[in-house]
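Hello,

Here is the structure I promised to pass on to you. Please open it first, and then read my notes below alongside it.

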Amino acid sequence: MELWEAIVLGIIQGLTEFLPVSSSGHLELANALFGIKESNNLAFTVAVHGATVLSTIVVFWREIVRILKGVFQFQMNNEMRFFINILVSLIPVMIVGLFFKDKVEALFTSNLLLVGSMLLVTAILLTLSQYLPKKSRPLNIRTAFMMGVAQSVAVLPGLSRSGSTISTGLIMGAKPEDVTKFSFLMVLIPIIGMNFLNIISGNFAAEEGVGSINIIAGAISAFVFGTLACKWMIGIVKRGKLVWFAIYCAIVGLSSVLYSVL
């Protein structure tokens, strides 16, 4: 992996982690384009995902502090309800991580047909969330669980995590501002946990063909562009402009499917 490739991949991860266009799908497309084997850049993948977690914390640090203060009051206040919803959303992710981890990892083989198909599914979800009737109810446990299910399924390359969770929340009738905040915060624990497991297992060391400088450069670019994309996405959901991303996903998805078939 060249330095410029690491920077480009970091930018792709940072932008697409928050924009509803699938970070995993775009990284798979980039890996196929650059000829990078996924098995040779696990440390890089962990680093850029960790950088996007940091960008989430930077954008929502006031909200995170407020939630933690409320939780440690040990009362059933709004912050405690939000935290309980976060825990409920983790259940589907834990099931996938415990029982299907190896099967999921086996899917990351630059399979453009799978990536393209899942991008088309992302486009459908975004379109449904745009045009189905809005109810604007407070986010509840049922919605949190369904968003957790969407997040667990979105481990498939090409199926956008933010797009799936936000679309699910909107389809379930929750308020757009609640859905956006919850979608970005619900991913913190799973990604931090994944990074921690990779670090203690020794997978975080720089691997052949990657290099420490490339990992650092990719992480920095992922953090900078992740911060920008996170702030941008908050406004996009409030304005209800997800349909443009649906069109983009449909175009890229259809192109990927046709390229893999032809």
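**A loop with two phenylalanines**

Let's start at Phe 74, which sits in the loop between H4 and helix H5 (78-99). Before going further, please keep in mind that this is a predicted model. Phe 74 has a positive phi of about 55°, although it is not a glycine. Is Phe 74 buried or exposed? With a relative accessible area of 66%, Phe 74 is exposed.

**Aromatic pairs**

How many aromatic pairs are there? The count comes to 5 aromatic pairs.

Another pair to look up is Trp 232 with Phe 245. Their ring centres are 6.2 Å apart and their planes stand at 65°, so this pair is also edge-to-face; the cut-off for that label is over 60 degrees. Trp 232 belongs to helix H12 (residues 212-239) and Phe 245 to helix H13 (residues 243-261), so the pair ties together parts that are 13 residues apart in sequence. As for accessibility, Trp 232 is partly exposed, with a relative accessible area of 47%, whereas Phe 245 is buried, at 13%.

There is a cluster to find, too: Phe 18, Phe 60 and Phe 184 form one aromatic cluster.

Next, please go to helix H4, which covers residues 61-71. Which residues of H4 are buried? They are Glu 63, Ile 64, Ile 67, Gly 70 and Val 71. These residues cover an arc of only 130° around the axis, which puts them on the same side of H4. Arg 62 and Lys 69, on the other side of H4, are exposed.

**The nonpolar cores**

The largest nonpolar core has 41 residues. Leu 19, Ile 166, Phe 182, Leu 185, Met 233 and Leu 242 are the ones with the most contacts inside this core. To see what surrounds one of them, select Ile 166: leaving out residues up to four places away in sequence, Ile 166 touches Val 179, Ser 183, Met 233, Val 237 and Leu 242. A second, separate core has 12 residues, including Ala 6, Leu 9, Ala 30 and Ala 219.

**A buried threonine**

Thr 143 is found in helix H8 (residues 141-153). At 3% relative accessibility, Thr 143 is buried. What does Thr 143 contact, apart from its neighbours within four places in sequence? Its partners are Gly 169, Met 172 and Ala 174.

**Cysteines**

Finally, a word on the cysteines. The count of disulfides comes to 0. Cys 230 is buried, with a relative accessible area of 0%, and Cys 249 is likewise buried at 0% relative accessibility.

Enjoy looking around, and do write back with any questions.

Best wishes

How values were computed:
Residues are numbered from 1 along each chain as its sequence is written. This is a predicted model: local features need pLDDT of at least 70, side-chain atom pairs count only at pLDDT 80 or more; totals for chains, interfaces and linings use all residues. Side-chain values use heavy atoms; hydrogens and water are left out. A nonpolar core is a set of buried Ala, Val, Leu, Ile, Met, Phe, Trp, Tyr and Cys residues joined through side-chain atoms within 4.5 Å. Buried means under 20% relative accessible area, exposed over 50%, partly exposed in between (1.4 Å probe, protein chains only). Contact means heavy atoms within 4.5 Å. Helices (H or I, at least four residues) and strands (E, at least two) are DSSP runs, numbered from the N terminus. The arc is that of the directions from the helix axis to the C-beta atoms. Rings of Phe, Tyr and Trp (its six-membered ring) pair if their centres lie within 6.5 Å; planes under 30 degrees apart count as stacked, over 60 as edge-to-face and the rest as tilted. A disulfide is a pair of cysteine sulfur atoms within 2.5 Å.
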